[in-house]
Amino acid sequence: MSQHRHPGAPSRAGAVPALPDLPEATVARLPEYLRALHHLAETGHETVSSEGLAAAAGVNSAKLRKDLSHLGSYGTRGVGYDVGLLIEQIESVLGLTQRRAVALVGVGNLGHALAGYAGFASRSFRIAALFDADPSRVGEEINGLVVRHIDELPRIAVEEQLAIGVIATPAGAAQAVADQLVAVGVTSILNFAPCVLAVPDGVDVRKVDLAIELQILSFHEHRKASLTALPGTGPSTLTTLAGGAPTTDPQEAIGT
């Protein structure tokens, strides 16, 4: 997990606070725990058992307890976890105790939707600047922000102290945009373009590809349909063995 201090971030004795060396899988689950904890807090819960929090986050309780042990949080036997304290611990580890300025590049249909998403502000992120290379979009106002030309990125990166870049451009433009973001000091990028970005060491990229997610769901649909159809296969149906040889005997095919 890489760590990057924003130039404008406060510092204690000039040092970045030490963070636990968390497994990437744990880091990926912490936001789910945080979402569940905020819901619990909003509904008046002061404590929560590991089983209750695991169910709310969609993981098993053993995995949750192991994840939280990395933070030094073990809960209290018979009581569970203090919801407020655990929120503070996770927000601290995720760096959410300061609001991070985000640049959004590409204000097509997806970019418009992202620019108007209210959930960013409630999770310590501020859309600070919108950029596009299309002259017809430059000057447009979206959710109180004026779209700037991408050529203004170096100046605005300094003025707004941009910490994170979001790419919502067509695939063909994404690499050039990533290069521009890296050139102005942005080392964390969220990429919605359907392509793989080449970035230097020390730059973290998270890719969101909705088509890939749908293809994965399609696989599961296909698999469920195959399993449902299996009992109805007749004795004459050809079944391919693991070694590739066909057989007309279903019992032989499954090794019985």
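Predicted model: local features only at pLDDT ≥ 70, side-chain atom pairs only at ≥ 80, totals over all residues.
## A sheet and a helix pair

The crossing of helix 1 and helix 2 is right-handed.

- Helix 1 covers residues 24-42 and helix 2 covers residues 50-57; they pack with their axes 9 Å apart, at an angle of about 110 degrees.
- Angles of 65 to 115 degrees count as roughly perpendicular, and helix 1 and helix 2 are therefore roughly perpendicular to each other.
- On the helix 1 side, the contact is made by Glu-32, Tyr-33, Arg-35, Ala-36, Leu-37 and Leu-40; helix 2 brings in Leu-53, Ala-56 and Ala-57.
- Sorted by class, this contact of helix 1 with helix 2 has 7 nonpolar and 2 charged residues, with no polar ones.

**The sheet**

- Strands of a sheet pair through backbone hydrogen bonds, in either a parallel or an antiparallel way.
- Here, 7 strands form an open sheet with mixed pairing, and their order is 5-6-4-3-7-8-9.
- Strand 5 (141-142) and strand 9 (204-207) are the edge strands, each pairing on one side only.
- Strand 3 (residues 100-105) pairs with strand 7 (residues 164-167) in the parallel sense, over 4 bridges.
- To find a bridge yourself, look at Val-102: its bridge partner in strand 7 is Ile-164.

**A helix on the sheet**

- Helix 7 (residues 153-160) packs on the sheet, where it touches strand 3, strand 4 (125-132) and strand 6 (145-149).
- The direction of helix 7 makes about 165 degrees with that of strand 4.

Terms used: Residues numbered from 1 in each chain as written. Heavy atoms only, no water. Pairing = 2+ DSSP bridges. Helix = DSSP H or I, 4+ residues; strand = E, 2+ residues; numbered from the N terminus. Contact = heavy atoms within 4.5 Å. Axes fitted to C-alpha atoms, helices over the stretch in contact; angles between N-to-C directions. Parallel < 35°, antiparallel > 145°, perpendicular 65-115°, else oblique. Left-handed = near helix turned anticlockwise from the far one by under 90°. Nonpolar A, V, L, I, M, F, W, Y, C, P; charged D, E, K, R; others polar.
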